Amino acid sequence: MSKTILILGACGQIGTELTQKLRSIYGNDNVIASDIREGNEELMSSGPFEIIDATDKDTILKVINKHKITQVYLMAAMLSATAEKYPQKAWELNMNSLLAVLDLAKEKHINQVYWPSSIAAFGPTSPKVNTPQQTVMEPTTVYGISKIAGEHWCNYYHEKFGVDVRSIRYPGIISWKTKPGGGTTDYAVDIYFKAIEEGKYECFLAEDTCLPMMYMDDAVNATIQLMQAGAKDVKTRTSYNLAAMSFTPEKIASEIKKHIPEFEISYQPDFRQQIANSWPQIIDDSSARKDWGWQHKFDLATMTQEMLKNISKQEQTV
Ligand code: NAD
């Protein structure tokens, strides 16, 4: 059956690259990007775009009917660091958008929903190493509370109303095309830009803060692979653990030094340190690997090569 896809929050770090990949698979005209603001030139010129507030169910429905949408990817959210500054707004955006989309699926306006959770759904009482798919989850950030609540809403709509909703707990996502939108793992993107532009970086996390991370290509491929999996293979309807690599600021700095020997890093931890301390260090993603065949491609060394190569190219053309 042919798919017509709507992406809410398409102009963000992940949405931008997800949209382009989906357009290359399903055809530009079958993938409708939307956001509350316009995106980059490539996104805006390669296919249809609509301004949509992801919390506005009526407008989403109008666009679903206009383009005969079958699948919605909900990428709009307020991320961890920003959400700590605006807790009420974060809760309203993260929850109301999800409930609007789940309701539209329950009312059979669409067949399938994708919604991302995060490693932030875990908390300080979760095991930090090899964090299991199912374990204690007591998040201490507003963002994490919205993600664990969202996971349970997804499972509820699946169990109670048969909604085909699928989800991944993304680790920190690293990419060079679109800057990250206010998360705690943003340092692992900024560090590459600063290494090339200034040869030095002041990190807002301490040198030994180990967190799970993933290169954008892997995150986008995993998302599409999960959405293409047979319904019976998708056994987890809260959200899947997903992993590729874990590293500390010290480790990423030493990998960068292999390419830029004069690179220097200093550390000035801020409020984001406390958020990072509450999260897992290494995730056990064996369920995703077993259920729908997830395999990552990029490790720290190959990702560092890609990031430095692409940022240098991008800066030369600006
Ligand atoms: P981002 O902040 O880069 O992008 C979010 C997009 O949503 C922005 O383009 C913004 O304009 C848009 N938006 C904000 N309010 C909106 C509204 N009311 N209606 C429509 N659009 C709105 O975020 P991202 O990094 O692309 O994250 C996408 C999803 O993945 C989020 O659910 C996030 O929680 C999750 N996630 C991201 C990471 C990461 O490292 N980037 C890690 C874990 C989970």
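## Val 72, a residue in a strand

Val 72 sits in strand β4, which covers residues 71-74. Helices (DSSP runs of H or I, at least four residues) and strands (DSSP runs of E, at least two) are numbered from the N terminus. This is a predicted model, in which local features need pLDDT of at least 70 and side-chain atom pairs count only at pLDDT 80 or more, while totals for chains, interfaces and linings use all residues. Residues are numbered from 1 along each chain as its sequence is written, and side-chain values use heavy atoms, with hydrogens and water left out.

Is Val 72 buried or exposed? Val 72 counts as buried because its relative accessibility is 1%; buried means under 20% relative accessible area, exposed means over 50%, and partly exposed lies in between (1.4 Å probe, protein chains only). Setting aside residues up to four places away in sequence, Val 72 touches Leu 6, Leu 8, Ile 64, Val 101, Ile 110, Gln 112, Val 113 and Tyr 114. Contact here means heavy atoms within 4.5 Å. Val 101 is 29 residues from Val 72 along the chain, and their C-alpha atoms are separated by 7.6 Å.

## Two domains

Now let us look at the whole chain. It is divided into domain 1 (5-170 + 215-226) and domain 2 (173-213 + 244-317), with bounds that come from an automatic or database domain assignment. The contact between them takes 38 residues from domain 1 and 38 residues from domain 2. The C-alpha centres of the two domains lie 23 Å apart.

## The largest pocket

Where does the largest pocket lie? Domain 1 and domain 2 both give residues to its lining, so the pocket lies between them. Its volume is about 870 Å³. To find pockets, a 1 Å grid is laid over the protein atoms alone: a cavity is a set of points where a 1.4 Å probe fits but cannot get out, whereas a pocket is an open set with protein on both sides within 12 Å along at least five of seven lines, and lining residues have an atom within 4 Å of a point. Grid points are joined across faces, edges and corners, and a volume is the space filled by probe spheres set on the points.

The lining of the largest pocket has 42 residues, and Met 75, Ala 77, Met 78, Leu 79 and Gly 181 lie nearest the centre. Two or more lining residues come from each of α1 (13-26), β6 (117-118), α6 (142-161) and β9 (172-174). Helix α1 gives the largest share, three residues. By type, the lining divides into 23 nonpolar, 13 polar and six charged residues. In this count Ala, Val, Leu, Ile, Met, Phe, Trp, Tyr, Cys and Pro are nonpolar, Asp, Glu, Lys and Arg are charged, and the others, Gly among them, are polar.

Leu 79, one of the residues nearest the pocket centre, lies in the loop between β4 and α4 (80-85). Leu 79 counts as partly exposed because its relative accessibility is 28%. Neighbours within four places in sequence aside, Leu 79 is in contact with Tyr 143, Gly 181, Gly 182 and Gly 183.

Gln 13 lies in helix α1 and is buried, with a relative accessible area of 11%. What does the side chain of Gln 13 reach at 2.9 Å? It reaches the backbone oxygen of Ile 173. A polar contact of 3.0 Å also joins the side chains of Gln 13 and Ser 175. A polar contact is a pair of N or O atoms within 3.5 Å; within protein, one must be able to donate a hydrogen and the other to accept it, and residues adjacent in sequence count only if both atoms are side-chain atoms.

## Residues in other loops

Ser 239 is in the loop between α8 (216-228) and β12 (240-241). Ser 239 is buried, with a relative accessible area of 0%, and its side chain makes a polar contact of 2.7 Å with the side chain of Ser 167.

Lys 68 is found in the loop between α3 (57-67) and β4, and it counts as exposed at 64% relative accessibility. Its phi is positive, near 50°, in a residue other than glycine. Asn 130, in the loop between β6 and α6, is not a glycine either but has a positive phi of about 55°.
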